[in-house]
Amino acid sequence: MNDPISSNEIPPGWMPIFIAWIVVASATLGSLFFSEVMGVPVCILCWYQRIALYPLTFILAVGLFPYDPKVVRYAGVLTGVGWLIALFHVLLVAGVIPERIHPCVQGIPCSETHIALFGFLTIPLMSLLTFTLVAILLFLAQRMKSS
Amino acid sequence: MNRKILFISVAGLLLMVFTVGVMRFQDRKVEQQNESISKNLNALERSGVPIKGPTDAKVTIVEFLDPACETCRDFYPLVQQLIDEYPGRVRVMVRYAPLHSGSDQVVKMLEAARYQDKFWPALELLFAKQNRWVVNHTSQPMRALALLESLQMDRERFLADMKRPEVAQVIQQDIQDGQRLNVQATPEFFVNGRPMPSFGYDQLSRLVKEAVAATY
């Protein structure tokens, strides 16, 4: 692999992965801020999304040094799964999916939202946007690599 | 720019933003708490609640506790240690915050024990044998009652006292005051009206030390 880390030339596809890493790292810290600092309760669907989100921080970072284009493949699976759960969660909050089929137990209903930044940006919506953004960036990285 | 340097600076920046955010949030929380305490000073100390230590002590630790709470149990000897460390200067006022389900009944037992001067032995016994009557973070009042029988109180009187309207009133008042002071977890301590900046024994003993230095 002729990709010396110290070289100033940025290989094709590296930048989108790096930006995706910034997005997931910010999302990870943000979600920890909500639950651990602000004390917002974490529902089960949020946990499933966290399972997909948190490892991305490490997988993408490892894929950057040295740059390994295959990271798109590994990160893509997590992003896809996280995106689907986030979509389900957003639909649940919006009331499109009826309450009775949601899988929440132990007193923290997933259909309840605690935070709405700027009046509309709830945590599940932020999650869906994050996964969407990461998916687009991974797609871009793939395109730049193959072109 | 070197990619590695770029990565490390962004990572550092994110962590810095996070840390500053945490600190600012906590500062704001303490500020809000101080504000709600100064607005609700009369909710902090009530006459007629259980007090340990000299009545004329100038430093008062108000402790909101739940007898079913493990951390309250672990703090109990530490609070006693603080009373002993500053003889004659520190007292503890116990307020109830029965947050565990079933604890409301157990708190009534503690109040009933007060009528037979057995409050502290009852509390100590409940803490010492907590695992016998708290199952999966839920209080089992019947088991607590069985445990308290070893204190040899007048059983008939005890059961009658538990039903006294004054007992219910004291507990209701404590719950209400706890809500006004934003007590969301137990134990919660206030030393001469000041809450702990963050939770921990060191923070509590520092507050007491400062309060003693300020009043004596």
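Guide: Let us begin with the idea of a core. A nonpolar core is a set of buried Ala, Val, Leu, Ile, Met, Phe, Trp, Tyr and Cys residues joined through C-beta atoms within 7 Å. Please keep in mind that this is a predicted model.

Visitor: Which residues touch the most other members of the largest nonpolar core?

Guide: They are Ile61(B), Met109(B), Val191(B) and Val208(B), in a core of 44 residues. The largest share of this core comes from α3(B), which supplies six residues. A second, separate core has 32 residues, among them Leu53(A), Leu128(A), Phe131(A) and Ala141(A).

Visitor: Is Leu82(B) buried or exposed?

Guide: A residue is buried if 20 or more other C-beta atoms lie within 10 Å of its own. Leu82(B) has 24 C-beta neighbours inside 10 Å and therefore counts as buried. Leu82(B) belongs to helix α2 of chain B, residues 70-85. With its neighbours within four places in sequence left aside, Leu82(B) is in contact with Ile61(B), Val90(B), Ser205(B) and Val208(B). The C-alpha atoms of Leu82(B) and Ile61(B) are 9.7 Å apart, while 21 residues separate the two in sequence.

Visitor: How should I read a helix as a whole, for instance α3(B)?

Guide: Consider its span, then its burial. Helix α3 of chain B, residues 103-114, has 12 residues and reaches 17 Å from its first C-alpha to its last, close to the 16 Å expected. Nine of the 12 residues of α3(B) are buried, so this helix is largely enclosed by the rest of the structure.

Visitor: Which residues of α3(B) are buried, and what do they pack against?

Guide: The buried residues of α3(B) are Ser103(B), Val106(B), Val107(B), Lys108(B), Met109(B), Leu110(B), Glu111(B), Ala112(B) and Ala113(B). In chain B, they pack against the strands β3 (90-96) and β5 (138-139) and the helices α4 (119-128), α6 (141-148), α7 (155-162) and α8 (165-180).

Visitor: How many residues of α1(B) are buried?

Guide: One of its 37 residues is buried, and α1(B) is hardly covered. Helix α1 of chain B covers residues 3-39 and reaches 54 Å from its first C-alpha to its last, close to the 54 Å expected.

Visitor: How is the packing of two helices described?

Guide: Two packed helices are described by the angle between their axes and the distance between the axes. For α3(B) and α6(B), the axes come within 9 Å and cross at roughly 25 degrees. This angle makes α3(B) roughly parallel to α6(B), because angles under 35 degrees count as roughly parallel. The crossing of α3(B) past α6(B) is right-handed. Gln105(B), Val106(B), Met109(B) and Ala113(B) of α3(B) make the contact with Pro141(B), Ala144(B), Leu145(B) and Leu148(B) of α6(B).

Visitor: At what angle do α3 and α4 of chain A pack?

Guide: Helix α3 (residues 71-94) and helix α4 (residues 123-146) of chain A pack at an angle of about 150 degrees, with their axes 8 Å apart. That makes α3(A) roughly antiparallel to α4(A). Their crossing is left-handed. The contact includes Gly76(A), Trp83(A) and Val90(A) of α3(A), and Leu128(A), Phe131(A) and Ala141(A) of α4(A).

Visitor: What is the phi of Asp117(B), and what is that of Asn192(B)?

Guide: Asp117(B) has a positive phi of about 55 degrees although it is not a glycine. This residue lies in the loop between α3 and α4 of chain B, and Asp117(B) is exposed, with 9 other C-beta atoms within 10 Å. Asn192(B), likewise not a glycine, has a positive phi of about 45 degrees. Asn192(B) is placed in the loop between β6 and β7 (194-195) of chain B and is partly exposed, with 18 other C-beta atoms within 10 Å.

How values were computed. Residues are numbered from 1 along each chain as its sequence is written. Chains are lettered from A and ligands numbered from 1 in the order in which they are written. This is a predicted model: local features need pLDDT of at least 70, side-chain atom pairs count only at pLDDT 80 or more; totals for chains, interfaces and linings use all residues. Helices (H or I, at least four residues) and strands (E, at least two) are DSSP runs, numbered from the N terminus. The expected span of a helix is 1.5 Å times one less than its number of residues. Two residues are in contact if their C-beta atoms, placed from the backbone, lie within 7 Å. Axes are lines fitted to C-alpha atoms, for helices over the stretch in contact, and angles run from 0 to 180 degrees between N-to-C directions. Angles under 35 degrees count as roughly parallel, over 145 as roughly antiparallel, 65 to 115 as roughly perpendicular and the rest as oblique. A crossing is left-handed if the near helix is turned anticlockwise from the far one by less than a right angle, and right-handed if clockwise.
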